[in-house]
Structure formats: structure tokens, C-alpha cells
Amino acid sequence: MPTVAEHYAHLLAPVYTWMAGGAEAAFAQGQSDLAPVLRPGSFAIDLGAGFGMHAIALARAGWRVLAVDSSPLLLAQLSEFAGRLPVDARCGDLLAFTDHLHAGETAELILCMGDTLTHLEAPGSIAALSQSVAARLSPGGRFIATFRDYTRPPAGDARFIPVRADAQRILTCFLETFDDHVRVHDLLHERTGETWSTKVSSYRKLRVAPEAVREMFAAAGLRATLEPGPRGMARLVADA
């Protein structure tokens, strides 16, 4: 099975902005997602930043942002979209985000949005991330994550999920359930002239209960709560 990075490089990254409805629509959605925290701030870290759906919204609101992602293509798009905005795009493993910080440097806000947490290898990786986040949040700082609860995956025909379609592209995903993860199969059909081509790739996502994630961040010393998030996801809010 391809790794997350391989899956994105082969299939998702080149169409990710399209998949999100276009850049400006995505930035507007990112602004909506972050409405409670889009006050004047100082320094934020966006883990799994992609093309900047949330990093751009923060930077436009006056934040300095460190954006970490494993996709060079998406980070190149982020840098182009950011222009002169204060966004520092770094390619790397989100578990090692502290490598991009100065000794003792902390952030007022750390994000891990989309469904990024479930890309990690095992629940222990989420626990490790919680410790790093707790160590790098400023006093009174906040961590926000959104993720899907795959402990109750769709069944039957509901496992086939239409993502987006237009005259030139059709993207559909199919979920295959295992004990500790789901295997996400992405099927991309693209049209060139009168000819259609197909790409198929898959990767794994963790099946981890939202309450288990909350407990990991609480165990790291943060005041962690769960609430409904955007687009059917759970939202974790953890305060230092």
C-alpha cells in the first residue's frame, strides 16, 4: 500500500485545490473554520497545511505562520498563494514540526485541520504529537484539530463517496474497513480532449475514537474538549 506521501504525490496533490472547490473558495472556508480564533495574534503553526486553506486565512488576519506539510507540490502552491504574506512553508513530517522551531520557541495557536490526524501511523503517534504540542504552546495557547471518526465507518453503498465532478474530472473514493484502519481508495477520471484516463491509488487512515484522542491531549496536560466540527468531522480544542 502506498504511503500517505506517495498517494498524494501520485494522485491527490495535483488536484487537491480543485477538489476543495478552488483556492479562494477554500480560503473562505478556512476563514469560516477559524472564525473563533481569527483575532489579532502573533505566531501560529499549521500542521498538514497543504496549499494553505487555513494558513492563508491566518496570515491574512495578521498572524505569522509556520506551515508544515509532506507534499512539495502543495507547499509550492501555498508559497505562490501566500505571496508576501508572513507564511514560512516547510516540507517535513508533522511529528517533527519542532525541528523547524528555535529552542524554546512557542506558538499561540497550533492547527492540525482537515483529516490529518488520521494519516498518522498509529495511536501512539497521536500521543507523541500531543506531547510535542503541549511543549510548544504558549501559556494560554490553543491547539485545534479536526478529524473523522472512522470507528463508525459507512457501510454498503455508502462506502462509495463522490468527492467532486465536473466536465473534465471525476473523483470518487471508496472505503475498505479493517480492525484498526480504513483503506481509502481514490479513483480519479480525467478528460483530455475526447479521451478519459483513470488513476487509482489507496492509503490507510487510522480508526481512532474521538474520545481516545481527547484523552491523549488531556494526558499531555492540556484542557481538551470535543465538539462537532465542519464537514462532518469532530473538532478537538485543547488549551494550555
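Over the ring of which residue does the charged end of arginine 169 sit? The charged end of arginine 169 sits over the ring of tryptophan 18, 5.3 Å from its centre. A charge sits over a ring if NZ of Lys or CZ of Arg is within 6 Å of the ring centre and within 35 degrees of the ring normal.

The model is predicted: local features need pLDDT of at least 70, side-chain atom pairs count only at pLDDT 80 or more, and totals for chains, interfaces and linings use all residues. Residues are numbered from 1 along each chain as its sequence is written, and side-chain values use heavy atoms, with hydrogens and water left out.

**Exercise 1.** Describe the surroundings of phenylalanine 43.

*Solution.* Step 1: phenylalanine 43 belongs to strand 1 (residues 43-47); helices (H or I, at least four residues) and strands (E, at least two) are DSSP runs, numbered from the N terminus.
Step 1: phenylalanine 43 counts as buried because its relative accessibility is 6%; buried means under 20% relative accessible area, exposed over 50%, partly exposed in between (1.4 Å probe, protein chains only).
Step 2: the charged end of arginine 64 sits over the ring of phenylalanine 43, 4.1 Å from its centre.**Exercise 2.** Determine how the buried residues of helix 7 are arranged.

*Solution.* Step 1: in helix 7 (residues 210-219), the buried residues are Pro210, Val213, Met216 and Phe217.
Step 1: these residues lie on the same side of helix 7 because they cover an arc of only 120° around the axis; the arc is that of the directions from the helix axis to the C-beta atoms.
Step 2: their packing partners are helix 6 (123-136), strand 5 (137-147), strand 10 (223-228) and strand 11 (234-239).

**Exercise 2.** Classify the ring pair of tyrosine 8 and tyrosine 16.

*Solution.* Step 1: eight aromatic pairs are found in a search of the whole structure; rings of Phe, Tyr and Trp (its six-membered ring) pair if their centres lie within 6.5 Å, and planes under 30 degrees apart count as stacked, over 60 as edge-to-face and the rest as tilted.
Step 1: the ring centres of tyrosine 8 and tyrosine 16 are 5.7 Å apart and the planes stand at 35°, so the pair is tilted.
Step 2: tyrosine 8 counts as buried at 12% relative accessibility, whereas tyrosine 16, at 24%, counts as partly exposed.
Step 3: ring pairs join Tyr8, Tyr16, Phe27, Phe51, Phe81 and Tyr203 into a cluster.

Notes
Contact = heavy atoms within 4.5 Å. Lists of a residue's contacts leave out its neighbours within four places in sequence.
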